[in-house]
Amino acid sequence: MVAPSSRNWTDLIRQCAAIVGEDGVISSAEERSVYECDGLASYRQMPGLVVLPRTTEQVAALVQLCDRELIPFVARGSGTGLSGGALPTPDCMLIVTARMNQILEVDLENQRVRVQPGVINAWVTQAVADAGYYYAPDPSSQIICSIGGNIAENSGGVHCLKYGVTNNHVLSMTFVLPNGAVMETGRKVPELPGYDLTGLLVGSEGTLGIATEITLRILKAPEAVEVLLADFTTIEAAGQTVADIIQAGIIPAGMEIMDNLSINAVEDVVQTNCYPRDAGAVLIIELDGLQEEVVASRQRVGAICDQNGARQVTVATDLQERLRLWKGRKAAFAAAGKLSPNYFVQDGVIPRTKLATVLGEIEALGQQFGYQIANVFHAGDGNLHPLILYDESVPGSLQAVEALGGEILKLCVRSGGSISGEHGIGSDKKCFMPDMFSALDLESMLWVRQAFDPKTLANPEKVFPTPRTCGEGAHAHLSVEVGDAQLF
């Protein structure tokens, strides 16, 4: 049982209300419970207080208050993260950027857009699409995830193979440091002398501060786009096709694989009627560029699919038909709820050449632990998203699937890969950091963190391993929460 807080919350609520207004402070236990987890719902912890600022100045004032009073703070955007990165810590102030949702400037001539962190990812493209531009990073949750969260986790998406992840599209930021000071990083031009502080802060998972304004690079829409759907009898054949396409010197905008479990879940829920239910796997390939380039690439990709035993290759050139082919992939995580009461998703990365081998080993691990695993992933850059299906009401099941997920991550590292491609480390995977990094590596990272946050107030207990286990936050909601007994 966690001891009740001795903090003077009444006075802190008054001070926060003076900064953001009374409607920007959430203090009752019932309302705070809405914020006890992010997209990793099995990890829960009640925040001490929730505040919703609207401006950089308000964020800075709140963080200064935390610095003075030694209050840990956690930044949260839309709460769609899948690694427990926005999981509150006991007695913390949760700073939610959802009201910071303004597109501040659209500069088409210089191909950039300046936004607040609460702007939804898809809004950026919507704001410039009529002028023939788009924002390339596109996580599957892009209709609900926020730019601030994308910054924190360095999110990718289906087009990261050709166009890179969030870090490749951030030109500058206004950033509130853990002591409340406001720093400007980068400029409106892509390359600058000195340390790349923008690159350091993107992907720092809220441990170095909070981004409050971000200048994003936008791209001109390609002349031609085609989407191919190839279906295979085995997922290994689909994986080999991915490696062969890249080896041939072709770089698609994106390549995604879904296995049979995912295919049937998607068709049950979304009913695209374009994924063959009897396929072992489908491979979705998007080609873009000049018309002649796309046609030539389509012919070569089709031949490679045929060589690897594709039963059928469907080509979509019309916008609506392309969207229909992508619709199922974008809905795959949500559709997995059709398969099981719960699922536990991982985010490992492996070299493309190891796809066929590693996918076979993941299947073997599932059989060993006794759990089905649905596979949906960014095949082009080897970013795996195995969905481990389980029922949380069965005693011990969560701990078992956490152990299975850990074995998958260790397999990725042994194969020359990484424990995260875009979801971040957060609370979920921090105990696996030593499997990937040496003690000196981790110590060097902590030096950087200490330089920015010597009091360790910014998103504590994330990213770096502690003496406790990765799943320490998973069971916090089963104990008495900090602040639950307080009446605000």
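Begin the tour at the second largest pocket, which holds about 780 Å³ of space. A pocket here is an open set of points on a 1 Å grid over the protein atoms alone, where a 1.4 Å probe fits, with protein on both sides within 12 Å along at least five of seven lines; lining residues have an atom within 4 Å of a point. Grid points are joined across faces, edges and corners, and the volume is the space filled by probe spheres set on them.

The model is predicted: local features need pLDDT of at least 70 and side-chain atom pairs count only at pLDDT 80 or more, while totals for chains, interfaces and linings use all residues. Residues are numbered from 1 along each chain as its sequence is written, and side-chain values use heavy atoms, with hydrogens and water left out.

**The pocket lining**

Select T125, H159, E286, L319 and L323, which lie nearest the centre of the second largest pocket among its 25 lining residues. Next, display helix 11 (319-330), which gives the most to this lining, with six residues. Helix 4 (121-128), strand 7 (133-134), strand 12 (224-232) and strand 14 (281-289) also supply at least two residues each. Helices (H or I, at least four residues) and strands (E, at least two) are DSSP runs numbered from the N terminus.

**The nonpolar cores**

Now select F232, M255, I257, I285, V301, F377 and L384, which have the most contacts inside the largest nonpolar core, a set of 45 residues. Such a core joins buried Ala, Val, Leu, Ile, Met, Phe, Trp, Tyr and Cys residues through side-chain atoms within 4.5 Å; buried means under 20% relative accessible area, exposed over 50%, and partly exposed in between (1.4 Å probe, protein chains only). A second, separate core of 26 residues includes Y275, W326, A374 and V376.

Move to the open sheet of four strands, ordered 1-2-4-3 with mixed pairing. Strand 1 (25-26) and strand 3 (73-76) are at its edges, each with a single partner strand, so one side of each has no neighbour in the sheet. Strands pair if DSSP finds at least two bridges between them. Strand 2 (residues 49-51) and strand 4 (residues 93-96) pair in the parallel sense over three bridges; here L49 stands opposite M93.

**Two loop residues**

Finally, select E205, in the loop between helix 7 (197-201) and strand 10 (210-217). E205 is not a glycine, yet has a positive phi of about 60°; at 8% relative accessibility, E205 counts as buried. N273, in the loop between helix 9 (260-269) and strand 14, also has a positive phi of about 60° without being a glycine, but N273 counts as exposed, at 67% relative accessibility.
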